[in-house]
Amino acid sequence: MNESHLDYLAAYISETQREREFPSPPGDRQLAYKLPRWMKLAKNREELLRSIERLRATLQPSRALR
């Protein structure tokens with residue numbers, strides 16, 4: 001997992017209104033299509049965002065090595 005993945009997940013999870021997901025052709029699907037339902041539920045939003053921030057903190061030291 002890298003920082004751009006965490007950014008995408010945080011943005012998706014923090015959205016309060018999302019477009020409905022209709023079946024689309026396999027080549028036209030977003031990453032969110034593959035997320036499990038529990039990650040998409042509003043009741044899990046705060047905990048998921050905290051977890052993403054903890055993961056982001058583990059990435060900080062590796063960026064300093066570049």
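Arginine 56 and glutamate 53 both lie in helix H3, three residues apart, or about one turn of the helix. Helices are DSSP runs of H or I with at least four residues, numbered from the N terminus. The model is predicted: local features need pLDDT of at least 70, side-chain atom pairs count only at pLDDT 80 or more, and totals for chains, interfaces and linings use all residues. Residues are numbered from 1 along each chain as its sequence is written, and side-chain values use heavy atoms, without hydrogens and water.

A salt bridge is a side-chain nitrogen of Lys or Arg within 4 Å of a carboxyl oxygen of Asp or Glu. By this rule there are two salt bridges.

| Salt bridge | Closest N to O |
|---|---|
| Aspartate 7 – arginine 56 | 2.7 Å |

Through shared partners, Asp7, Glu53 and Arg56 form one network. Aspartate 7 lies in helix H1 and arginine 56 in helix H3, so their pair ties together parts 49 residues apart in sequence.

Buried means under 20% relative accessible area, exposed over 50%, and partly exposed in between (1.4 Å probe, protein chains only). Arginine 56 is buried at 14%, whereas aspartate 7, at 38%, is partly exposed. Glutamate 53 is also partly exposed, at 45%.

In H1, the buried residues include Leu6, Leu9, Ala10, Tyr12 and Ile13. The largest nonpolar core has eleven residues, among them Ala32, Leu35 and Met39; such a core is a set of buried Ala, Val, Leu, Ile, Met, Phe, Trp, Tyr and Cys residues joined through side-chain atoms within 4.5 Å. H1 gives the largest share of this core, five residues.

Methods:
Helices (H or I, at least four residues) and strands (E, at least two) are DSSP runs, numbered from the N terminus.
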